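Please keep the sequence and the model in view while reading.

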Amino acid sequence: MKEIFEPARLFMNNLPYTFLLEVLFRCIVIFLVLVIVLKLAGRRGIKQLSIFELVIILTLGSAAGDPLFYEDVGLLPAICVFIFIIILYRTTTYLISKSKRIEHWLEGKPVYLIEDGEFVIHKFKKEFMAIDEFFAELRLRNISHLGQVDTAILETTGEISVFYLEDDKVKYGLPILPKPFNDKQTELNMDIFYACRFCGNIKKPQKSQKQFTCDKCGREDWVKAINEKRLG
Ligand SMILES: [Zn+2]
């Protein structure tokens, strides 16, 4: 039967002090694994929190919680996890402050999603963000079509910055409300503005026709464009 308050178990779970070196090694491995996994998960998964804040919460949360009631988890290894993780964290933030390349790899760069009322498609495809989610974000800002937007930028935090066009500069754009966005046109009439559903390109056919190809993205997928001003 185990004794309570037995120091060798309470502080070191009956292991030699050299076990603390193994704890250091474990910390480094788990720290790196968490950073890489969270990085691969994409920034949309970790809105608001940076990768490092999340690493700190996960590792320290476990190191603080386990010794509370597991009798075979010693106090000293847990305390050392705190110390090691903080040292690793401080070292990494120091490296980030010294190297732009490490900073960009770990924290990403702001990405232009919309410029001048149209998608910046070659950049857009690389991001993990779903288009539905992006449209929802725009709608929450009372945007009904892309012609109201001058610039939209995906920030490294996962949030989206939007710069609007002045009311008198609003132009024809791709509608992003679900009904008009899904109202695909099968006949394209002369002298009406249409928006490409994939890239937001705006075109006005010179003659009525069944379909035509988007000169920007090569698709044939059009809806009626709108140019109303932004309300609210
Ligand atoms: Zn297009």
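## Domains, helices and sheets

The C-alpha centres of domain 1 and domain 2 lie 43 Å apart, and this value, like the others below, is computed from a predicted model. In the domain assignment of the chain, domain 1 covers residues 7–107 and domain 2 covers residues 111–224.

### Helix packing

Two packed helices are described by the angle between their axes and the distance between the axes.

| Helix pair | Angle between axes | Distance between axes |
|---|---|---|
| Helix 2 (residues 19–40) and helix 4 (residues 75–98) | roughly 45° | within 9 Å |
| Helix 2 and helix 3 (residues 51–69) | about 135° | 10 Å |

With an angle of roughly 45° between the two axes, helix 2 is therefore oblique to helix 4. Helix 2 passes helix 4 in a crossing that is right-handed. On the side of helix 2, the residues in this contact are F19, L20, V23, L24, C27, I28 and F31, and they meet L76, P77, C80, V81, F84, I85, L88, Y89 and T92 on the side of helix 4. Sorted by class, the contact of helix 2 with helix 4 holds 15 nonpolar residues and one polar residue, with no charged residues.

The axes of helix 2 and helix 3 pack at about 135°, and helix 2 and helix 3 are therefore oblique to each other. Here, too, the crossing in which helix 2 passes helix 3 is right-handed. From helix 2, the residues I30, F31, L34, V35, L38 and K39 take part, and they meet I51, F52, L54, V55, L58 and T59 from helix 3. The residues of this contact of helix 2 with helix 3 comprise ten nonpolar, one polar and one charged.

Four strands form an open sheet, arranged in the order 2-1-3-4 with antiparallel pairing. Its edge strands, each of which pairs on one side only, are strand 2 (118–119) and strand 4 (160–164). Strand 1 (residues 111–115) runs antiparallel to strand 3 (residues 149–154), and four bridges join them, while two bridges join strand 1 to strand 2, again in the antiparallel sense.

Which residues does I114 face in strand 3 and in strand 2? In strand 3, the bridge partner of I114 is A152, whereas in strand 2 the residue opposite I114 is F119. Strand 1 and strand 2 also form a hairpin with two residues between them, and in its turn D116 has a positive phi of about 55°.

Strand 5 (residues 194–196) pairs with strand 7 over three bridges in the antiparallel sense, and A195 has V223 in strand 7 as its bridge partner.

Key
Residues numbered from 1 in each chain as written. Predicted model: local features only at pLDDT ≥ 70, side-chain atom pairs only at ≥ 80, totals over all residues. Heavy atoms only, no water. Axes fitted to C-alpha atoms, helices over the stretch in contact; angles between N-to-C directions. Parallel < 35°, antiparallel > 145°, perpendicular 65-115°, else oblique. Left-handed = near helix turned anticlockwise from the far one by under 90°. Contact = heavy atoms within 4.5 Å. Nonpolar A, V, L, I, M, F, W, Y, C, P; charged D, E, K, R; others polar. Domains from an automatic or database assignment. Pairing = 2+ DSSP bridges.
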